[in-house]
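Trainee: Can we go over the salt bridges in this one? I'd like to take them pair by pair.
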Amino acid sequence: MLLPYNLRYLQNACQTASDPKVVASVRYSVQSKIMELLSESPDIQQLLLDPIASLNTADDFREYLSSAEMHLAEFPQLTEKQIRKLFPKNKKLALPDLSVDYRFVTYLGWVDISSTKLFIVYPLDGQVVGIEGKYTPTHKKSVCFLCNRHSETALFTAVSKARPAHASPDYYKAVGNYMCLDSRECNKHITNVDALEKFIRSVIGT
Ligand SMILES: [Zn+2]
């Protein structure tokens, strides 16, 4: 993805060009290039294009780039077999739709309605990990802890594998959060992975 190069060009124009018309024309050409690059995905296109109109300071660019790169970093292509391996205890694992456009996937999330389980697959520190838990639809809108939108959410609770040093054999700790029921929509709006990574770490116990 050539986004960083195009943006550097615009940042340079913002910081050095004294003529606002020059900045405007560079901005326009960068926007058209991004539009071209993302022609198949109108939602993400809007998400990436709209903020460009108001990028000016070095901080603006830094912030925008880190959120944009997250949207465009390739999620690893996974096979059904690899996914099953992540959840060995689920003999009848419901599989997610793997024919998605991975450029726009930050995490893979799906639900198994029959067991009311929710699954998340994510490349944490370069290694693909899977977590699972129960989901309870809230039947009302609340703020998703991943994308921070007000949306139809479910309470997702997972059992943490982290154990204190001298825990009793029946030690049990659940961690939970409200998250979007529709993970495809959630993926379109997530701009920061800190909450997701923190949650995954609290479940897998690293
Ligand atoms: Zn969400």
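Trainee: Which residue does Arg-201 form a salt bridge with?

Mentor: Arg-201 pairs with Glu-197, and their closest N and O atoms are 3.9 Å apart. A salt bridge here is a side-chain nitrogen of Lys or Arg within 4 Å of a carboxyl oxygen of Asp or Glu. Keep in mind that this is a predicted model, where local features need pLDDT of at least 70, side-chain atom pairs count only at pLDDT 80 or more, and totals for chains, interfaces and linings use all residues. Residues are numbered from 1 along each chain as its sequence is written, and side-chain values use heavy atoms, with hydrogens and water left out.

Trainee: How are Arg-201 and Glu-197 separated in helix H7?

Mentor: By about one helical turn, because they lie four residues apart in H7 (residues 194-204). Helices are DSSP runs of H or I with at least four residues, strands are E runs of at least two, and both are numbered from the N terminus.

Trainee: How many salt bridges are there in the whole structure?

Mentor: The search finds six. One of them joins the side chains of Arg-184 and Asp-97, at 2.9 Å from N to O. That pair links distant parts of the chain, 87 residues apart: Arg-184 is in helix H6 (residues 183-189), and Asp-97 is in the loop between H5 and strand S1 (108-112).

Trainee: Is Arg-184 buried, exposed or partly exposed?

Mentor: Partly exposed, at 49% relative accessibility. Buried means under 20% relative accessible area, exposed over 50%, and partly exposed in between (1.4 Å probe, protein chains only). Asp-97 is also partly exposed, at 41%.
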